[in-house]
Amino acid sequence: MGNSRFDCVVIGAGIAGMSAAITVANAGKKVLLLDQHNLPGGCASSFVRGRIEFDASLHEFCGLGKPGRWELPGRIMMEEHKLGIDWIWIPEMYRCIGTTRSGKHFDVKLPTGVDNVINAMEEIVPGSKEPMKVFMDLARECVEANDYFSANMSTVKKDGFLKTDSLYYMKNFSNFLKVAERPFNEVMRNIGMPEDAIDILDVYWTYIGADYSKMSFVHQAWMFYQYANVEPTITRDNAHGMTMACMERFRELGGELWLNTKAHKVCGDKDGNIIGVMTDVGMVETNYVIANVNPEIAYNKLLDENIKVPEREYKRVNAEKHGIRFFNAYVACNKSIEELGIEDYTIFMPGSFDNAKNIKDSKSYEDNTHSVVVIYNVVNPDASPKGTTVMTFTICYTEDVWGDFTQREYVHKKQELFQKVMDNFEKDTGIIIHDCIEEIELATPWTFAHFLNTPEGTSYGYMVDNWDTMLSRLMAIRKDQPIKGFKTCGAAGARGDGYNMTYTNGNDIGKIILEEMEG
Amino acid sequence: MSKVKLKKYGLKDIMYFTNKPKERENKIQSASSAKTAATFKCNEKAAQRHPDEQYFVIENIIDRGKGVKSYQMKKQDGTEAAFFRAGQYVVIRQEIDGKLIARPVSISSGPVDTLEGKLELTVKMVENGFLSKYIIENWKVGDVVRTSGPQGLFYYEGFRDEKHVIACSGGSGITPILSMARAIASGDEDFKLTILYGSRTKADILFAEEFAEVLKATDKVKLVNVLSDEEADDCEHGFISAELVKKYAGDEKFSLFASGPQAMYEFLDKEADKLNLDLKHYRKEIFGSIKEPWTLPGYPAEAKDKVFKLKVKMCNSEYDIPCNANENMLVALERAGIAGPNRCRGGVCGWCRSRLVSGDVFIPELTDGRRGADKRYGYIHPCASFALSDVEIEIPNRK
């Protein structure tokens with residue numbers, strides 16, 4: 001039998017796990033990547049129904065950049081990892097349809113390009129031009145500060161937090177320091193953004209799943225600026241194609257991928273040093289393990305009793321609240337986008353733009369029909385066979401709403417919900433799809449719990465909150481990983497959720513493990 | 001670059017910023033240090049719905065004649081069985097001569113029975129059918145049966161299908177249709193179902209009593225027996241043709257569901273052409289692999305009857321095994337006792353997905369359910385692939 005000793009074992013081939021595995025293999029280390037499923041990718045996956053292939057999760061990759069001007073995730077994926085991915089850029093932000101808190105109805109489109117967005121907002125809500133300029137300037141500074149931060153994460157202070165050069169920040173990112181951690185809506189108000197404009201900008205909450213009256217400015221500002229400035233992306237081959245490109249590169253770098261192989265325990269010696277991973281196919285020897293799982297699962301289930309988990313880590317995972325989870329309707333029609341009259345890639349249909357109301361509704365089944373749809377063929381003619389259209393509707397929940405349903409009513413609940421979502425879509429857009437659906441699959445938090453094995457079926461790790469901001473998590477990225485030779489990565493990590501954040505986080509953690517290897 | 005001036009933010013906000021990590025730390029320190037992972041309703045429901053495996057005890061066996069038997073089973077641990085969509089199947093995993101053999105078998109009971117832990121599977125002895133022969137000859141009351149969770153996509157979908165479904169079925173292919181009829185009777189499905197059930201003679205008709213019971217309970221189900229070798233007053237005579245489908249469809253729009261042997265599909269495909277149906281209105285239950293690949297267009301005749309070498313990498317193990325060109329590659333893996341995960345055996349579920357390292361394989365288009373990127377990066381579904389040369393593959397771990 002083959003040699004079962006590796007420099008590093010990565011448990012879980014999700015987006016962050018794949019990224020971490022490539023980062024470590026890229027440094028010349030012998031890496032084993034394990035996944036309990038027969039398919040790598042985690043969320044970055046696809047499935048086939050009849051002649052249609054559905055992307056399981058990628059709506060828009062945010063902040064990748066473009067050849068010659070890659071942003072942080074793009075630099076890692078395309079320059080450092082050299083992935084062979086065929087990207088497609090989406091030349092629009094979103095269309096949104098609904099009623100603001102002032103009672104006005106809006107059906108508006110935001111283009112990409114910072115100046116274009118500013119001008120479009122002025123047309124939509126007169127008086128928003130100047131505050132939009134300020135917003136975009138602050139947002140740009142957030143992106144730059146985040147880049148600088150990400151490139152300088154290696155020095156740790158005595159208290160475990162990262163050491164930062166405050167003078168440099170004061171000099172270059174003083175506005176960032178002032179507003180980054182203030183609540184988004186409060187900052188918007190303080191720079192004079194009209195209330196209707198705030199509502200329209202808040203529509204992205206579905207992609208973050210947080211309360212904008214509490215969530216830090218930097219989070220939304222970073223995302224919004226990246227969408228506006230460098231255009232969101234998808235891959236021509238869908239998310240599974242991205243996964244295949246990752247695995248192809250990983251193999252080129254000498255990596256081993258074992259599928260349908262569960263890691264049962266990370267094992268330590270008497271002194272608590274990592275000595276290996278017990279898997280379905282026996283013991284694999286290694287001194288370094290990265291697990292693409294929620295830390296609560298790592299601490300409570302994965303680490304054996306020899307490995308000492310500091311009490312502070314149990315407190316940390318107990319303090320966290322689980323992030324949002326989704327209902328997805330994957331729909332394919334046997335008509336082309338031209339026949340259906342579809343022009344927009346992303347359409348948010350919040351009903352009401354009131355973020356506070358939407359957050360409240362996201363805790364219930366009946367009231368939550370706030371959906372977003374992406375229609376792949378608008379930017380990717382290869383997304384499905386000629387004469388067909390493939391689209392995904394998404395609704396997010398902030399609580400375990402679906403956990404209460406019985407087995408017998410479950411299918412009816414899925415159908416009842418999609419009927420409402422489809423009725424709203426047809427009413428809002430005038431686009432009729434109910435008579436031409438050729439394939440459909442309705443996925444709920446149960447489905448994601450089944451495939452991802454995450455608590456409550458969440459795909460977004462831990463909730464970004466007022467006390468648990470992305471920046472304070474990043475400041476503690478090393479403090480939160482105190483076990484020598486063992487780290488966790490993924491959406492529950494320092495950067496939070498999203499393809500961009502989890503891929504970058506995998507790279508961060510891979511580098512931290514490499515440093516530990518170097519001693 | 002000149003910066004915007006922020007009137008409402010100043011030094012105190014910088015303090016607010018720099019204090020954030022400490023604030024987070026205080027919150028962490030005030031949390032419980034309990035060392036238990038919580039359990040969640042959502043995960044529990046998902047695990048009930050999609051179990052990796054279920055164990056049943058056979059409580060009753062009904063011999064339906066002509067090599068068909070129904071096995072009425074109950075969950076061994078007394079819990080509910082996984083709820084399913086009527087028309088789905090489970091994969092039986094049976095050890096025979098030390099080798100784990102897996103085959104999909106249709107569920108003939110209705111989904112509501114799962115709430116009492118009950119499931120009925122109906123098996124027909126197939127000529128040269130390795131597992132079906134074993135089951136019919138060996139399974140007895142009291143035996144424990146290991147199955148997967150419910151699988152498969154052959155079920156009614158209200159957003160896609162018409163309100164009226166005409167189900168064309170032959171022989172034991174009636175089982176998923178019976179399950180659908182039972183689901184309508186129990187209120188778990190809501191559509192109008194007209195069943196055109198083809199048998200050779202009246203004596204070959206399966207589940208007559210069971211259908212009689214369903215018909216008593218609901219007027220949404222209609223059963224038409226179609227006899228090929230016998231004429232009878234209350235039955236249609238001949239094959240299930242486009243004409244016959246039209247006769248029972250009337251002017252209403254309908255979806256055509258087909259469930260039966262490969263020969264029935266070949267006949268029905270031609271009849272369906274005459275009906276000018278949209279792709280979405282004609283759905284077939286196909287599981288089981290393609291037989292006799294050499295009869296298909298594009299198959300290189302010289303490969304037939306050959307036995308090639310198959311090199312298999314599975315995690316940290318490697319195997320060299322023979323691979324009969326006439327059988328799909330999953331069979332070679334099973335014969336060697338190293339088959340990994342597999343379910344549909346018809347190329348569509350993707351569970352046996354493997355990496356083709358080298359060599360040539362024949363993949364019939366009809367059962368090529370691979371993802372686009374998998375085709376480009378050289379992955380195959382062994383259950384729907386046939387070796388054309390010595391081949392090397394990398395497969396998921398078996399368990």
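How many bridges join strand 15 (residues 354-358) of chain B to strand 19 (residues 391-395) of chain B? The first legend has the answer. This is a predicted model, in which local features need pLDDT of at least 70, side-chain atom pairs count only at pLDDT 80 or more, and totals for chains, interfaces and linings use all residues. Residues are numbered from 1 along each chain as its sequence is written, chains are lettered from A and ligands numbered from 1 in the order in which they are written, and side-chain values use heavy atoms, leaving out hydrogens and water.

**View 1. Strands 15 and 19 of chain B run antiparallel.** Three bridges join these two strands. Strands and helices here are DSSP runs numbered from the N terminus, with at least two residues (E) for a strand and at least four (H or I) for a helix. Look for Arg355(B), which stands opposite Glu394(B) of strand 19.

**View 2. Five strands of chain B form an open sheet.** Their order is 14-13-19-15-17, and the pairing is mixed; two strands pair if DSSP finds at least two bridges between them. At the edges are strand 14 (317-324) and strand 17 (379-380), each pairing on one side only.

**View 3. Chain A is assigned three domains: domain 1 (8-45 + 239-321 + 464-518), domain 2 (112-227) and domain 3 (324-452).** Such bounds come from an automatic or database domain assignment. The C-alpha centres of domain 2 and domain 3 of chain A are 29 Å apart.

**View 4. Domain 2 of chain A meets domain 3 of chain A.** Here 14 residues of domain 2 are in contact with 15 residues of domain 3, contact being heavy atoms within 4.5 Å. Together the two domains bury about 1,200 Å², 71% of it on carbon and sulfur atoms; this is the accessible area (1.4 Å probe) that two parts lose on being put together, summed over both. Val203(A), Trp205(A) and Thr206(A) supply 51% of the area that domain 2 buries against domain 3, more than any other three residues.

**View 5. Zero salt bridges are counted between domain 2 and domain 3 of chain A.** On the domain 2 side, helix 8 (195-201) and helix 9 (205-208) of chain A each give two or more residues. Helix 9 provides the largest share, four residues.

Key:
A salt bridge is a side-chain nitrogen of Lys or Arg within 4 Å of a carboxyl oxygen of Asp or Glu.
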